[in-house]
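Student: Could we go through this structure together, starting with the charged side chains and then moving on to the overall fold?
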Amino acid sequence: MADLVAEAFTTELGQTIQPGDEVVYVGTGYGHSVRVRTGKFAGVYYSMGRHYLKDENGQYIRDEKGNVKHEMKQYVKAVRVDGVPSKSYNYKTRQYTDTTRCAILPLKRVYKIDMAMKDIAGKSL
């Protein structure tokens, strides 16, 4: 994975999250279990991807050989949340201990905590 870049991230709800902001995120675990947890936003990971060009009618633009034209664009591949409370299991002592870790979210399901419900109304995730 690419290096972590500590910069602001704008969610699909239009929130701008700065590094160090308190956030809530939706994560999935083993067996596709869903968990909602809190933490501190750390930054984003970027990747390069192929972006196919379209005309004003939505049709792909092709070159003289019939190949679809494209350009490489940088996009946010994942976001990172630090300070996530978790439990660690020690197999020798057979006990759990509290610990903190980071969460890397490829689907970028992270939201700022201070947003009011009236601001979310009508927007889909």
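Student: Which residue does Lys 40 form a salt bridge with?
Tutor: Lys 40 pairs with Glu 22, and the closest N and O atoms are 3.2 Å apart; a salt bridge here is a side-chain nitrogen of Lys or Arg within 4 Å of a carboxyl oxygen of Asp or Glu. Lys 40 lies in strand S5 (residues 34–52) and Glu 22 in strand S4, so the pair ties together parts that are 18 residues apart in sequence. Keep in mind that this is a predicted model, in which local features need pLDDT of at least 70 and side-chain atom pairs count only at pLDDT 80 or more, while totals for chains, interfaces and linings use all residues. Residues are numbered from 1 along each chain as its sequence is written, and side-chain values use heavy atoms, with hydrogens and water left out.

Student: How many salt bridges does the structure hold?
Tutor: The structure holds four. One of them joins Asp 21 to Lys 112, with the closest N and O atoms 3.6 Å apart. That pair links distant parts of the chain, since Asp 21 sits in the loop between strand S3 (16–17) and strand S4 (22–28), whereas Lys 112 belongs to strand S8 (residues 110–112), 91 residues apart. Lys 112 is partly exposed, with a relative accessible area of 23%.

Student: And what about Lys 73, which partner does its side chain meet?
Tutor: The partner of Lys 73 is Glu 71, at 3.8 Å from N to O. Lys 73 counts as partly exposed at 39% relative accessibility, as does Glu 71 at 34%.

Student: Changing topic, how many helices and strands are in the chain?
Tutor: The chain has one helix and eight strands, where helices (H or I, at least four residues) and strands (E, at least two) are DSSP runs numbered from the N terminus. Along the sequence, the pattern is β-β-β-β-β-β-β-β-α.

Student: Is the chain spread out or compact?
Tutor: The radius of gyration is 19 Å, well over the 14 Å that the globule rule gives for 125 residues, so the chain is more spread out than a compact globule. That radius is taken over C-alpha atoms, and the rule is 2.2 Å times the number of residues to the power 0.38.

Student: What percentage of the residues is buried?
Tutor: Buried residues make up 22% of the 125 in the chain.

How values were computed:
Buried means under 20% relative accessible area, exposed over 50%, partly exposed in between (1.4 Å probe, protein chains only).
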